[in-house]
Structure formats: C-alpha cells, structure tokens
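Subject: Structure handover

Hello,

Here is the structure I promised to pass on. Please open it first, then read the notes below.

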Amino acid sequence: MQWESSEARFQEKIDQEIKIEPKDWMPEKYRQTLIRQISQHAHSECVGMLPEANWITRAPSLRRKAILIAKVQDEAGHGLYLYSAAETLGISRDEMYDQLHSGKAKYSSIFNYPTLTWADMGAIGWLVDGAAIMNQVPLCRTSYGPYARAMVRICKEESFHQRQGFELLLHLSKGNEAQRRMCQDAINRWWWPSIMMFGPTDDASPNTQQSMKWKIKRFTNDELRQKFIDVCAEQVKFLGMTLPDPDLKWNEERGHYDFGTINWEEFWQVIGGNGPCNQQRLDTRKKAWEEGAWVREAAAAYAEKKKARTPVQQIA
C-alpha cells in the first residue's frame, strides 16, 4: 500500500509537469528506463564521432576541417553531459562503458553505416542530425530534470550541426556534375537509415506507452518520423535533389507526406550487430578504452596525491 501511495504521488508530479530530481522517490522501472535511454544516447554520441573523424584529415579545405573538428568535439561533450546525467541515477560510468563494450548496451543503428565520400558529412549533418533534433528537442521537456537540462545545450549545438550539413550539401548541389552526383548518392544512402533512427513502429515498440505516461517521451516514434519526413520532403527541393522513395507524395487529406515501406529486416539486422560497421565501431571504442588506461590511472594517482597533501603543502 505504501508503494502504491508513492507511485500515485510520483505520477501526480509527472502530470503536474514537476521535474523528477535524483533524490526524489521514483519507481525502479522508471529509473531503469532512464538509464537505458540516457546511456544509449551517450553511447550514440561517442560512437557517432567515428564515421566523421574518418574524414577530418581528408576535408577539402581548412574551413571544412575546422568545422568538422568542432563538430566532433561537440559530440564528445554531448556524451559527457549524458553520462553525467545517467550517473545521477545510480549507475557508474565504468558500468556504462562495460555495457557498451560487451554489446549489452545499444547505440543508434545509424552509426553502423560507412562514410564513403565527403558528401556523407553533409548528409549526416542534414539527415542524421536532423532526425536527432526531431527526437531530442522534446527531451528538453522530459520529466527527469538532469536529462532535460543536459538536452538544452545539446539541442542548440545539434541545430548548428544540421545547418552545417545542409550548407555543405547545398554547396555541392551547385557544383559540377560530379559533385552533384556525389550529393545525390549520399542522400540516397543515408535517407532510409535516418528515418529508421526513430525506432520501430509504435505497435512494435514495447517501451513507448509507459515512457509516454511518465513523460520521458512526448511524442511516439511514428509521430516524430512523420514530422521529419514532412520537413525533409520540402527541404530537399532547395537542393535540387530527390529523396530515394518513389512512393513519397503529399496527401492532401492527411496533411502529411505518404512514404514507402521501411526495410525493417535491415533495421533489426543492424540493431542485432550485423550492420556494415558494427564490429569495427565496437572494436575501435574498445581499443580507445584500453589504450587510454594509462591516462585514467595517472589522473587517479594525481587526484589521490593531491588529496593527501597537507593544507600547508597545498598553499606552497
């Protein structure tokens, strides 16, 4: 009975739009749902640096190189914000890293696709970061306070990334024939994976209903996916390019674009670890973790040494 009373008070706070804070009572399932979602988000930011870092040394100009470096640095920062938010729920960063490296924890399936040309940097910015923004802006109002506050800055920076990607594609779309072909090819390859980023359809998503009740999520997967498609179907016209979906057309009655069938078999294959770059991405993250062990050990030893100093030694 006491648990039911606590549950009722908890839901009442949610319904009144009062943020849940780390020291507040919360159902264990709420805590575990947040740990899963926030850690997955953090892992996605860190793994997401890899396909873009692949092009830093091959950027076509100093300006493009500086932009790409700044973007990769932003994503590293996003991962740190999110890991810190997840830690307030009682899980350690080492635990989250271990879950990623062991394959227990997932990250966004989009980052298991290769970046084959420079135009992919534009497609990732416009489509992948655009889909991320569509997902993440509502998270600024998510019910868990630390997560909501972290998302405010993340969304501001992701918005810049999306504009940067679109500007890159726009530049290529106004270039020579080879550049225009490269632009269209990148859009063709990244379109379907980007709309898969919203997750499975609502009837196949086991967590959506409860997450909506707890206001962790504000919109369903299908609602966000439709909104994203509607936006991109108009934006692509400014590029003079097309989206690779022959069934894409405006439906006057619905007030939305109709679109073709998503290849869910491919989605579940990639989620299951069988995407083009799954093993490569995990191997790279594990290698970075292992090779960075000495840095972590040195930092911990320095912290212990500093802690052991007397006040006189610290002043000196």
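**The nonpolar core**

In the largest nonpolar core, which has 78 residues, the members that touch the most others are Y30, I38, W126, Y144, W191 and F228. A nonpolar core here is a set of buried Ala, Val, Leu, Ile, Met, Phe, Trp, Tyr and Cys residues joined through side-chain atoms within 4.5 Å. Helix 6 gives this core its largest share, 10 residues.

Some background on the model. This is a predicted model: local features need pLDDT of at least 70, side-chain atom pairs count only at pLDDT 80 or more, and totals for chains, interfaces and linings use all residues. Residues are numbered from 1 along each chain as its sequence is written, and side-chain values use heavy atoms, without hydrogens and water.

Back to Y144. Beyond the residues up to four places away in sequence, Y144 touches K19, I20, E21, P22, M26, Y30, L34, I38, A85, T88 and L89. Contact means heavy atoms within 4.5 Å. Two of these partners, Y30 and I38, are also on the list of core members with the most contacts to other members.

**Helix 6**

Helix 6 covers residues 119-136 and holds V128.

- V128 counts as buried because its relative accessibility is 2%; buried means under 20% relative accessible area, with a 1.4 Å probe and protein chains only.
- Leaving out residues up to four places away in sequence, V128 touches I110, F111, A123, W190 and M197.
- G125 is buried as well, at 0% relative accessible area.

**The whole protein**

The protein has 14 helices and 2 strands. These are DSSP runs numbered from the N terminus: helices are H or I with at least four residues, strands E with at least two. The radius of gyration is 22 Å, close to the 20 Å that the globule rule gives for 316 residues, so the protein is as compact as a globular protein of that length. That radius is taken over C-alpha atoms, and the rule is 2.2 Å times the number of residues to the power 0.38. The C-alpha atoms fill a box of roughly 70 × 55 × 35 Å along the principal axes.

Buried residues make up 49% of the 316. Of the contacts between residues at least 6 apart in sequence, 75% join residues at least 24 apart.

Best wishes

Notes:
Buried < 20%, exposed > 50% of the residue type's maximum accessible area, 1.4 Å probe, protein only.
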